[in-house]
Amino acid sequence: MPMYKLTAFKPDGEKILDESFEAKDDLEAKEIGKTMLEEKNLLESTHRCTSSSGKLLLFHA
């Protein structure tokens, strides 16, 4: 299964989340990423989720 990376930041640029996970495809990875952010109450923080090929799946500034 492909690997994905989810990263979230504080307003000053400090990383507050940096996790890798596997998903069967980009759609599943997007849902997993959203769920992880919701669980950690980081959905409104600056964040991104990328695939191992560099594709940007989630982004919020």
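**Close-up views of a predicted model**

A search of the whole structure, which is a predicted model, finds one aromatic pair.

**View 1. The aromatic pair is formed by Tyr4 and Phe21.** The two rings are stacked, with 5.9 Å from centre to centre and 25° between their planes. Because Tyr4 belongs to strand β1 and Phe21 to strand β2, the pair ties together parts that are 17 residues apart in sequence. Tyr4 and Phe21 are both buried.

**View 2. Four strands make up an open sheet.** Their order is β2-β1-β3-β4, and the pairing is antiparallel. Strands β2 (15-22) and β4 (56-60) stand at the edges; each has a single partner strand, so one side of each is left without a neighbour in the sheet. From one strand to the next, the twist averages 10°. In general, the strands of a sheet pair through backbone hydrogen bonds, in either a parallel or an antiparallel manner.

**View 3. Strand β1 runs antiparallel to strand β3.** Six bridges join β1, which comprises residues 3-9, to β3, which comprises residues 46-51. Tyr4, a member of the aromatic pair, stands opposite Ser51 in β3.

**View 4. Thr7 is a buried residue of strand β1.** The relative accessible area of Thr7 is 3%, which is under the 20% cut-off, and Thr7 therefore counts as buried. Leaving aside neighbours within four places in sequence, Thr7 is in contact with Lys15, Leu17, Asp18, Thr46, His47 and Arg48.

Methods: Residues numbered from 1 in each chain as written. Predicted model: local features only at pLDDT ≥ 70, side-chain atom pairs only at ≥ 80, totals over all residues. Heavy atoms only, no water. Pairing = 2+ DSSP bridges. Helix = DSSP H or I, 4+ residues; strand = E, 2+ residues; numbered from the N terminus. Axes fitted to C-alpha atoms, helices over the stretch in contact; angles between N-to-C directions. Phe/Tyr/Trp six-rings, centres within 6.5 Å; stacked < 30°, edge-to-face > 60°. Buried < 20%, exposed > 50% of the residue type's maximum accessible area, 1.4 Å probe, protein only. Contact = heavy atoms within 4.5 Å.
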